[in-house]
Amino acid sequence: MKSYWMNIAEGQASMALREVDRPEPGAGQVLVKLHAASLNRGELIVGHGLHGKGGSKPAGMEGAGQIVQLGSDAGAWQVGDRVMGRCPGAFAEYALMDVREIMRVPDNLSFEQAASIPLTFLVTYDLLVLQGHLQAGQWLLVNGVSSGVGVASLQMAKVLGAKVMGTSGSQAKLDQLKPLGLDVGLCTRGADFHQAVLQATDQQGVNLVVNTVGGTVFAENMRCMAFQGRMGFVGYVDGTLNANIDLEALHAKRLCLFGVSNKLRTPAQRAQGIAQFAAQILPAFADGRIQPLIDRVFEFDQLEAAKLHMESNQHTGKIVLRIASSA
């Protein structure tokens with residue numbers, strides 16, 4: 001089968017298409033013929049901090065397709081089932097999925113739409129629900145709201161009954177998100193928004209911040225947080241991994257800071273919350289309350305172009321790779 005591998009050397013990442021053996025599913029695994037996979041900045045952008053300094057590995061982190069082979073202990077899954085899930089090596093014609101992590105694709109979604117869900121929306125669920133404890137009527141602030149996680153956070157928060165404001169350097173992108181429920185759009189790339197946030201929240205601040213940007217907006221986010229506010233960290237596209245912290249505000253306002261990386265989690269830990277997500281959020285995809293926002297779909301042989309498109313930061317929502325298997 002054909003599979004893309006990412007090579008990292010001297011601070012540079014490159015993609016190489018290889019011909020490799022089709023994997024065999026082991027216990028608790030299924031083999032999926034992939035029809036689509038999504039790009040994720042954390043894997044593809046060197047300097048994002050989520051991968052090592054060198055080496056080579058199968059590329060891709062999430063995808064959607066049909067089960068073609070079952071390993072032992074596959075539970076109720078059957079050959080032919082339409083599934084989506086996080087999986088290593090998703091930029092390939094076939095990939096293994098752990099039965100603890102796969103989810104059934106709602107009938108109304110295409111494989112391209114489904115491929116944009118598993119990693120992004122599970123991370124968002126961790127941010128908003130499992131650790132963020134976002135409640136109906138509360139305020140959410142999203143830095144970089146036009147990103148994949150940003151758009152997912154916006155849509156999920158509205159399903160949860162929250163109010164959402166977000167920052168973006170593009171007014172056009174903010175306008176594009178208004179129909180999805182964005183209550184307040186702040187057109188800025190700088191750390192200059194806390195006064196606008198306080199004005200929008202009657203000087204109370206926001207209950208939850210989703211920081212997709214990094215250290216350059218950390219202090220400003222702290223100023224935006226309400227009493228017992230929370231801030232979740234999901235990325236640092238600004239390349240700034242350090243920031244000063246106002247310990248007095250942290251202490252007095254009883255603030256909570258947390259991260260959502262899966263890098264150090266065990267497979268069992270990564271699977272935690274998936275059943276809850278499937279029960280609470282997947283129905284919103286099935287009935288149309290959440291609609292995956294796809295910026296652009298690239299063909300399998302256009303991965304390098306898709307990567308360049310992501311690096312240009314011109315997209316709103318997810319970038320998806322369509323995969324047509326030759327066998």
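**A chat about rings, a helix and cysteines**

Modeller: Before you ask anything, note that this is a predicted model, and that in it the charged end of Arg82 sits over the ring of Phe111, 4.8 Å from the ring's centre.

Colleague: OK, and what lies over the face of Tyr94?

Modeller: That is Arg22, which is placed over the face of Tyr94 at 4.1 Å from the ring centre.

Colleague: How many aromatic pairs are there?

Modeller: The count comes to 4 aromatic pairs. One of them joins Phe218 and Phe233, a stacked pair with 5.8 Å from centre to centre and 25° between the planes; this pair links distant parts of the chain, since Phe218 belongs to helix α7 (residues 218-224) and Phe233 to strand β13, 15 residues apart.

Colleague: Phe218, buried or exposed?

Modeller: Phe218 counts as buried because its relative accessibility is 7%, under the 20% cut-off, whereas Phe233, at 26%, counts as partly exposed.

Colleague: Staying in β13 for a moment, what about the phi of Gln228?

Modeller: Gln228, which has its place in strand β13 (residues 225-233), has a phi near 60°, a positive value in a residue other than glycine. With a relative accessible area of 39%, Gln228 is partly exposed.

Colleague: And Arg254, where is that found?

Modeller: Arg254 is in the loop between α8 (247-252) and β14 (256-259), and its phi is also positive, near 55°, again in a residue other than glycine. At 54% relative accessibility, Arg254 counts as exposed, because the cut-off for exposed is over 50%.

Colleague: Switching to α4, how many of its residues are buried?

Modeller: Helix α4 is mostly covered, with 10 of its 12 residues buried, among them Gly148, Val151, Leu154 and Met156.

Colleague: What span should α4 have, and what do its ends give?

Modeller: Helix α4 covers residues 148-159, and at 1.5 Å a residue its 12 residues should span 16 Å; the C-alpha atoms at its ends are 17 Å apart, which agrees with that expectation. The helix is followed by Gly161, whose phi is positive, near 90°.

Colleague: Last topic, cysteines: how many disulfides are found?

Modeller: A search of the whole structure finds 0 disulfides. Cys224, for instance, is in no disulfide, and the nearest cysteine sulfur to its own, that of Cys187, is 16 Å away.

Colleague: Is Cys224 buried or exposed, then?

Modeller: Cys224 is buried, with a relative accessible area of 0%, and Cys87 likewise counts as buried, at 3% relative accessibility.

Key. Residues numbered from 1 in each chain as written. Predicted model: local features only at pLDDT ≥ 70, side-chain atom pairs only at ≥ 80, totals over all residues. Heavy atoms only, no water. Helix = DSSP H or I, 4+ residues; strand = E, 2+ residues; numbered from the N terminus. Expected span 1.5 Å × (residues − 1). Buried < 20%, exposed > 50% of the residue type's maximum accessible area, 1.4 Å probe, protein only. Disulfide = S-S within 2.5 Å. Phe/Tyr/Trp six-rings, centres within 6.5 Å; stacked < 30°, edge-to-face > 60°. Lys NZ or Arg CZ within 6 Å of the ring centre and 35° of its normal.
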